[in-house]
Amino acid sequence: MHTIGRKSDEEGPACRLGCYRARDGSDGATVGLDVNRPHAAVVVGKRGSGKSHTLGVMAEGLARAAGVAPVVIDPMGVFCGLTESPIDATVHDSPRVRADALPPSAWPELLGLDPTAPAGSLVWRLAAEEDSLVAMRGAVDDDDAAPETRRAAANHLALADSWDVFHPEGLDPRSLCGSSPDVLDLSGLEATPASAVVRVVARGLYDARVAGSVPRIPWLLLDEAHAFAGGLADPALRTLLTRGRAPGVGVVLATQRPSALPEVAVSQADLRVVHRLTAGPDVSAMAAADPTYFDESLRARLPRERGCALVVDDTTETVHDVRVRPRETPDGGATPRAVSALGSSETIE
């Protein structure tokens, strides 16, 4: 098996991705992805091209690799199939996190407040002084701010409480770094609290590795990454993309809208898995990162078949046409159809 993402003289665990695809469409040798060291990767493709399927294949491969800890963030609730044999992942439904795991400076943004305005400034200060949302809400009444400022802060903190995403015994990212894969199902959360969870988990995995408190290399796999780019979770994701390799944190961002990702996501990715794209801005976003060793344009090499992908590997400065293998576990992202080829109503891939 040839392994993408590492030099030919290196060894270590690899994730089986699929097989090479010849220009005539036939299948070739088995191909894998290096998981012996952390990588920054993007998986892109239009809806129905196989993007989420590929993310699931990578999660399965990481689950079988020694020394790594895959953490799948699932905004749509489509990766529950990873809980079945042979992977047996753990699903965390609508996970909660500690309020003090979110930086005080992020609280005004979380609540849609101007950090320089009285209410935003008060919320920032309370987040820095208290260790829980309950304590923050209790401290509002005792503060010496103007009544209207306290009232505005109290109302916004009550909104945060209504999300039911902050708890003193919330998820500790270090607990996600065991031998079993973890799936964080955020489908039951609104966009804002979901972004808070992503930021806490992404930053928590990074900090845990910097502190040397977890021995395994975490890999954060984030589906629908465009929904979190440029928002509350953005600083933590940028940290993983630009600095995660040194302490040892892998990150994979999957999206159907690469044009909505920050430029750093594509430019810093040393692995780019590109499925079918047709929207002009999305093709342009990926083509803008065409490497000098690419003897053709990305536009000319874009795959047309579902499940096929072009893999750009900056480590070895090579480009590969691959067909992604079938999933070992049920694919919750398969497209439902009203009537199958057999004439019955069922869900098929």
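**Strand β9**

I started with strand β9, residues 250–255, and found 6 of its 6 residues buried, so this strand is largely enclosed by the rest of the structure. A reminder to myself: this is a predicted model.

I then asked which residues sit on each side of β9. Gly 250, Val 252 and Ala 254 are on one side, Val 251, Leu 253 and Thr 255 are on the other, and both faces are covered.

Next I looked up the partners of β9. Strand β4 (residues 40–44) runs parallel to β9 and is joined to it by 5 bridges. Val 44 is the residue standing opposite Thr 255 of β9. With β8 the pairing is also in the parallel sense, over 4 bridges. There I noted Leu 222, whose bridge partner in β9 is Leu 253. Between β8 and β9 the chain passes through α7, and this β-α-β crossover is right-handed.

**Helix α6**

I moved on to α6, which covers residues 191–211 and has 21 residues. From first C-alpha to last, α6 reaches 30 Å, close to the 30 Å expected at 1.5 Å a residue. Is the helix mostly covered or mostly open? Mostly covered: 15 of the 21 residues in α6 are buried. After the helix comes Gly 212, with a positive phi near 70°.

I classed Asp 88 as partly exposed because its relative accessibility is 44%.

My other entry is Glu 224, in the loop between β8 (217–222) and α7 (234–243). Its phi is positive as well, near 50°, and Glu 224 is not a glycine either. Is Glu 224 buried or exposed? Glu 224 has 12% relative accessibility, so I put it down as buried, the cut-off being under 20%.

**Cysteines**

How many disulfides does the structure hold? I found 0. For Cys 19, which is in no disulfide, the nearest cysteine sulfur belongs to Cys 308 and is 8.3 Å away. Cys 19 is buried, its relative accessible area being 14%. Cys 80 is in no disulfide either, and its nearest cysteine sulfur, that of Cys 15, is 20 Å away. At 46% relative accessibility, I recorded Cys 80 as partly exposed.

**Ser 132**

My last stop was Ser 132, in the loop between α3 (118–129) and α4 (133–140). With a relative accessible area of 13%, Ser 132 is buried. What does the side chain of Ser 132 reach? I found the backbone nitrogen of Ala 135, at 3.1 Å. Setting aside neighbours within four places in sequence, I listed Ala 99 and Pro 168 as the residues in contact with Ser 132.

Definitions and conventions:
Residues numbered from 1 in each chain as written. Predicted model: local features only at pLDDT ≥ 70, side-chain atom pairs only at ≥ 80, totals over all residues. Heavy atoms only, no water. Helix = DSSP H or I, 4+ residues; strand = E, 2+ residues; numbered from the N terminus. Expected span 1.5 Å × (residues − 1). Buried < 20%, exposed > 50% of the residue type's maximum accessible area, 1.4 Å probe, protein only. Disulfide = S-S within 2.5 Å. Pairing = 2+ DSSP bridges. Right-handed = clockwise from strand over helix to strand, strands pointing away. Polar contact = N/O pair within 3.5 Å; in protein donor to acceptor, adjacent residues only side chain to side chain. Contact = heavy atoms within 4.5 Å.
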